[in-house]
Amino acid sequence: MAVINTMENVVDTALEELLKEDIECCTCEHCMNDMKCLALNALPPKYVSSERGALFSKINNTMAQQRSIDVRVACINAIEFVKGHPHHKDIVS
């Protein structure tokens with residue numbers, strides 16, 4: 001197993017849930033990547049290098065209420081920032 005940041009899956013899930021409630025935010029690939037990067041940069045990484053480590057991290061993330069709040073806040077801030085500053089308009093196809 002490669003080294004992975006388990007927070008990526010946590011942020012992906014949180015963004016998906018939050019964006020269901022916000023129909024005014026662009027969800028193109030570029031904006032989604034921007035939101036994910038902003039949220040991940042605001043959170044401490046949680047790296048694992050084994051299936052056992054990934055499972056343990058997933059259990060800890062599920063059980064930690066403060067971590068859940070921190071993830072939601074980071075994702076909400078990222079969504080609001082990207083809504084106001086979408087970079088996809090600057091990209092030339």
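What does the secondary structure of the protein come to? It comes to four helices and two strands. Helices (H or I, at least four residues) and strands (E, at least two) are DSSP runs, numbered from the N terminus.

This is a predicted model, in which local features need pLDDT of at least 70, side-chain atom pairs count only at pLDDT 80 or more, and totals for chains, interfaces and linings use all residues. Residues are numbered from 1 along each chain as its sequence is written, and side-chain values use heavy atoms, with hydrogens and water left out.

Figure 1. The protein has 93 residues, and buried residues make up 31% of them. Buried means under 20% relative accessible area, exposed over 50%, and partly exposed in between (1.4 Å probe, protein chains only). The accessible surface comes to about 6,500 Å². Carbon and sulfur atoms own 54% of that surface. Accessible areas come from the Shrake-Rupley method with a 1.4 Å probe; for residues, only the protein chains shown count as cover. Take the contacts between residues at least 6 apart in sequence: 86% of them join residues at least 24 apart. Contact means heavy atoms within 4.5 Å.

**Figure 2. Helix α1 spans residues 7-20.** Its 14 residues should span 20 Å at 1.5 Å a residue, and its end C-alpha atoms are 20 Å apart, which agrees. The expected span of a helix is 1.5 Å times one less than its number of residues. Which residues of α1 are buried? They are Met7, Val11, Ala14, Leu15, Leu18 and Leu19. These residues cover an arc of only 125° around the axis, which puts them on the same side of α1. The arc is that of the directions from the helix axis to the C-beta atoms. An α-helix has 3.6 residues a turn, so residues three or four places apart point the same way. The face turned away from the buried side carries the exposed residues Asn9, Glu16 and Lys20.

**Figure 3. The largest nonpolar core holds 18 residues.** A nonpolar core is a set of buried Ala, Val, Leu, Ile, Met, Phe, Trp, Tyr and Cys residues joined through side-chain atoms within 4.5 Å. Val11, Leu15, Met35, Cys75 and Ile79 touch the most other members. Helices α1, α2 (29-41) and α4 (65-84) each supply at least two residues of this core. In soluble globular proteins, nonpolar side chains tend to be buried together. Leave aside the neighbours of Met35 within four places in sequence. Met35 is then in contact with Leu15, Leu19, Cys25, Cys26, Ala78, Ile79 and Val82.

**Figure 4. Helix α2 has 13 residues.** From first C-alpha to last, α2 reaches 18 Å, close to the 18 Å expected at 1.5 Å a residue. Its buried residues are Cys31, Asp34, Met35, Lys36, Ala39 and Leu40. Is Asp34 buried or exposed? Asp34 is buried, with a relative accessible area of 18%. Not counting residues up to four places away in sequence, Asp34 touches Val82 and His87.

**Figure 5. The structure holds zero disulfides.** A disulfide is a pair of cysteine sulfur atoms within 2.5 Å. Where is the cysteine sulfur closest to that of Cys26? It is in Cys28, 3.6 Å away, too far for a bond. Cys26 is partly exposed, with a relative accessible area of 29%. Cys37 also counts as partly exposed, at 45% relative accessibility.

**Figure 6. Asp22 sits in the loop between α1 and α2, and Lys83 in helix α4.** At 15% relative accessibility, Asp22 counts as buried. Lys83 is partly exposed, with a relative accessible area of 31%. What does Asp22 touch, not counting residues up to four places away in sequence? Asp22 touches Ile79, Glu80 and Lys83. Under that rule, Lys83 touches Asp22 and Cys25. For Asp22 and Ile79, 57 residues apart along the chain, the C-alpha separation is 9.1 Å.

**Figure 7. Arg67 lies in helix α4.** Arg67 is partly exposed, with a relative accessible area of 22%. Arg67 and Leu43 are 24 residues apart in sequence. In space they are 9.2 Å apart, C-alpha to C-alpha.
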